[in-house]
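Me: I would like to go through the helix packing and the nonpolar cores of this model. Could we begin with the packing?

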Amino acid sequence: MDLSLLGIYLNDHLAGATAGVELARRTWRENEDHPVGLCFIQLVPELADDRVQLRRVMAALGVPEDGLKQRAALVMERVGRLKLNGRLVRYSPLSRLHELEALETATQGRLALWRLLQVLAGDDVRLRGFDFGARVERARAQQAELERLRLLAAREAFLAERSAEAPAEGGVPQA
(Lines give C-alpha, C1' and ligand atoms only; values in the text may rest on other atoms or scores of the structure.)
Protein backbone atom coordinates (compact mmCIF):
# COMPACT_ATOMS: atom_id res chain seq x y z
CA MET A 1 0.00 0.00 0.00
CA ASP A 2 1.34 3.45 -0.94
CA LEU A 3 1.07 5.24 2.38
CA SER A 4 2.42 8.50 1.00
CA LEU A 5 -0.50 8.84 -1.44
CA LEU A 6 -3.00 7.37 1.01
CA GLY A 7 -1.72 9.81 3.64
CA ILE A 8 -2.42 12.75 1.35
CA TYR A 9 -5.87 11.37 0.60
CA LEU A 10 -6.70 10.81 4.28
CA ASN A 11 -5.41 14.25 5.26
CA ASP A 12 -7.58 15.81 2.55
CA HIS A 13 -10.58 14.04 4.05
CA LEU A 14 -9.55 15.06 7.56
CA ALA A 15 -9.36 18.69 6.46
CA GLY A 16 -12.80 18.35 4.88
CA ALA A 17 -14.14 16.74 8.05
CA THR A 18 -12.72 19.57 10.13
CA ALA A 19 -14.45 22.20 7.98
CA GLY A 20 -17.59 20.08 7.75
CA VAL A 21 -17.98 19.78 11.51
CA GLU A 22 -17.55 23.54 11.85
CA LEU A 23 -20.11 24.19 9.10
CA ALA A 24 -22.58 21.75 10.67
CA ARG A 25 -22.20 23.41 14.08
CA ARG A 26 -22.85 26.84 12.60
CA THR A 27 -25.83 25.55 10.61
CA TRP A 28 -27.21 24.01 13.80
CA ARG A 29 -26.82 27.29 15.72
CA GLU A 30 -28.57 29.24 12.97
CA ASN A 31 -31.45 26.76 12.72
CA GLU A 32 -32.26 25.81 16.31
CA ASP A 33 -35.96 26.64 15.78
CA HIS A 34 -36.15 25.00 12.33
CA PRO A 35 -36.46 21.31 11.34
CA VAL A 36 -32.78 21.49 10.35
CA GLY A 37 -31.90 22.16 13.98
CA LEU A 38 -33.72 19.04 15.12
CA CYS A 39 -31.83 16.89 12.63
CA PHE A 40 -28.50 18.44 13.55
CA ILE A 41 -28.90 17.46 17.21
CA GLN A 42 -27.91 13.99 15.99
CA LEU A 43 -25.90 14.90 12.88
CA VAL A 44 -23.28 17.15 14.50
CA PRO A 45 -22.11 14.52 17.02
CA GLU A 46 -22.06 11.89 14.26
CA LEU A 47 -19.86 14.09 12.07
CA ALA A 48 -17.53 14.77 14.99
CA ASP A 49 -17.41 11.02 15.66
CA ASP A 50 -16.56 10.31 12.00
CA ARG A 51 -13.71 12.80 12.26
CA VAL A 52 -12.39 11.04 15.39
CA GLN A 53 -12.71 7.68 13.62
CA LEU A 54 -10.74 8.98 10.64
CA ARG A 55 -7.99 10.15 12.99
CA ARG A 56 -7.91 6.65 14.52
CA VAL A 57 -7.59 5.12 11.06
CA MET A 58 -4.71 7.46 10.28
CA ALA A 59 -3.00 6.59 13.58
CA ALA A 60 -3.44 2.85 12.90
CA LEU A 61 -1.74 3.31 9.53
CA GLY A 62 0.99 5.56 10.93
CA VAL A 63 -0.16 8.52 8.80
CA PRO A 64 0.71 11.86 10.43
CA GLU A 65 -1.90 14.58 10.51
CA ASP A 66 -1.29 17.66 8.39
CA GLY A 67 -2.24 20.52 10.72
CA LEU A 68 -1.70 23.08 7.99
CA LYS A 69 -4.39 21.47 5.81
CA GLN A 70 -6.81 21.45 8.74
CA ARG A 71 -6.19 25.13 9.51
CA ALA A 72 -6.55 26.02 5.84
CA ALA A 73 -9.85 24.14 5.70
CA LEU A 74 -11.17 26.12 8.68
CA VAL A 75 -10.13 29.39 7.06
CA MET A 76 -11.85 28.37 3.81
CA GLU A 77 -15.03 27.43 5.71
CA ARG A 78 -15.10 30.88 7.28
CA VAL A 79 -14.39 32.59 3.96
CA GLY A 80 -17.26 30.59 2.49
CA ARG A 81 -19.61 32.46 4.81
CA LEU A 82 -18.89 35.66 2.90
CA LYS A 83 -21.23 34.95 0.02
CA LEU A 84 -24.08 37.06 -1.22
CA ASN A 85 -27.26 35.50 0.11
CA GLY A 86 -29.81 38.22 -0.48
CA ARG A 87 -29.37 39.67 3.00
CA LEU A 88 -26.53 41.89 4.15
CA VAL A 89 -26.10 40.86 7.78
CA ARG A 90 -28.74 38.25 8.59
CA TYR A 91 -29.02 34.56 7.96
CA SER A 92 -30.99 33.92 4.80
CA PRO A 93 -33.10 30.99 3.62
CA LEU A 94 -30.55 30.82 0.80
CA SER A 95 -27.77 30.43 3.40
CA ARG A 96 -29.57 27.38 4.79
CA LEU A 97 -29.91 25.89 1.31
CA HIS A 98 -26.24 26.46 0.44
CA GLU A 99 -25.10 24.96 3.74
CA LEU A 100 -27.26 21.87 3.33
CA GLU A 101 -25.97 21.38 -0.21
CA ALA A 102 -22.38 21.69 0.98
CA LEU A 103 -22.99 19.18 3.78
CA GLU A 104 -24.74 16.78 1.42
CA THR A 105 -21.79 16.98 -0.98
CA ALA A 106 -19.38 16.42 1.91
CA THR A 107 -21.41 13.40 2.95
CA GLN A 108 -20.98 11.93 -0.53
CA GLY A 109 -17.22 12.34 -0.04
CA ARG A 110 -17.37 10.67 3.37
CA LEU A 111 -19.35 7.81 1.89
CA ALA A 112 -16.65 7.36 -0.76
CA LEU A 113 -13.96 7.44 1.95
CA TRP A 114 -15.62 4.75 4.08
CA ARG A 115 -16.25 2.54 1.04
CA LEU A 116 -12.61 2.83 -0.04
CA LEU A 117 -11.34 2.03 3.45
CA GLN A 118 -13.69 -0.95 3.57
CA VAL A 119 -12.06 -2.28 0.39
CA LEU A 120 -8.53 -1.54 1.63
CA ALA A 121 -9.28 -3.37 4.89
CA GLY A 122 -9.32 -6.57 2.87
CA ASP A 123 -5.64 -5.98 2.03
CA ASP A 124 -4.33 -4.41 5.24
CA VAL A 125 -4.71 -6.05 8.63
CA ARG A 126 -4.35 -2.66 10.37
CA LEU A 127 -7.76 -1.66 9.02
CA ARG A 128 -9.65 -4.83 9.88
CA GLY A 129 -10.68 -3.71 13.37
CA PHE A 130 -12.77 -0.84 12.00
CA ASP A 131 -16.45 -1.22 11.12
CA PHE A 132 -16.49 0.66 7.84
CA GLY A 133 -19.76 -0.99 6.81
CA ALA A 134 -21.56 0.77 9.68
CA ARG A 135 -19.97 4.07 8.60
CA VAL A 136 -21.16 3.52 5.03
CA GLU A 137 -24.71 2.87 6.20
CA ARG A 138 -24.71 5.89 8.49
CA ALA A 139 -23.41 8.13 5.70
CA ARG A 140 -26.19 6.88 3.41
CA ALA A 141 -28.81 7.67 6.07
CA GLN A 142 -27.26 11.12 6.63
CA GLN A 143 -27.29 11.78 2.91
CA ALA A 144 -30.98 10.88 2.64
CA GLU A 145 -31.87 13.15 5.57
CA LEU A 146 -29.78 16.03 4.23
CA GLU A 147 -31.49 15.67 0.85
CA ARG A 148 -34.91 15.81 2.53
CA LEU A 149 -33.89 18.96 4.43
CA ARG A 150 -32.31 20.49 1.33
CA LEU A 151 -35.55 20.14 -0.61
CA LEU A 152 -37.49 21.64 2.31
CA ALA A 153 -35.04 24.55 2.46
CA ALA A 154 -35.36 25.09 -1.29
CA ARG A 155 -39.15 25.21 -1.07
CA GLU A 156 -38.94 27.68 1.79
CA ALA A 157 -36.38 29.86 0.03
CA PHE A 158 -37.99 29.99 -3.37
CA LEU A 159 -41.70 29.52 -2.74
CA ALA A 160 -42.12 31.62 0.41
CA GLU A 161 -41.59 34.94 -1.41
CA ARG A 162 -43.78 33.86 -4.28
CA SER A 163 -46.68 33.05 -1.95
CA ALA A 164 -46.26 36.44 -0.24
CA GLU A 165 -46.36 38.16 -3.64
CA ALA A 166 -49.19 36.07 -5.07
CA PRO A 167 -52.18 38.11 -6.22
CA ALA A 168 -55.21 38.03 -3.97
CA GLU A 169 -58.63 37.23 -5.35
CA GLY A 170 -59.39 39.65 -8.11
CA GLY A 171 -55.77 39.61 -9.35
CA VAL A 172 -54.50 42.51 -7.21
CA PRO A 173 -51.42 41.85 -5.04
CA GLN A 174 -52.06 42.26 -1.32
CA ALA A 175 -50.27 45.04 0.46
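**Helix packing and cores**

Reply: Helices α2 and α4 cross in a left-handed sense, meaning that the near helix is turned anticlockwise from the far one by less than a right angle. This is a predicted model, in which local features need pLDDT of at least 70, side-chain atom pairs count only at pLDDT 80 or more, and totals for chains, interfaces and linings use all residues. Residues are numbered from 1 along each chain as its sequence is written, and side-chain values use heavy atoms, without hydrogens and water.

Me: At roughly what angle do the axes of α2 and α4 cross?

Reply: The angle is roughly 35°, and the axes of α2 (residues 35-61) and α4 (residues 93-120) come within 12 Å. Axes are lines fitted to C-alpha atoms, for helices over the stretch in contact, and angles run from 0 to 180 degrees between N-to-C directions. Helices are DSSP runs (H or I, at least four residues), numbered from the N terminus.

Me: And α1 with α4, what is the angle there?

Reply: It is about 145°, with the axes of α1 and α4 10 Å apart. That crossing is left-handed as well.

Me: Changing topic: which residues have the most contacts inside the largest nonpolar core?

Reply: They are L10, W114, L117, L127 and F132, in a core of 19 residues. Such a core is a set of buried (under 20% relative accessible area, 1.4 Å probe, protein chains only) Ala, Val, Leu, Ile, Met, Phe, Trp, Tyr and Cys residues joined through side-chain atoms within 4.5 Å.

Me: Which helix gives the most to this core?

Reply: α4 does, with five residues.

Technical notes: Helix = DSSP H or I, 4+ residues; strand = E, 2+ residues; numbered from the N terminus. Buried < 20%, exposed > 50% of the residue type's maximum accessible area, 1.4 Å probe, protein only.
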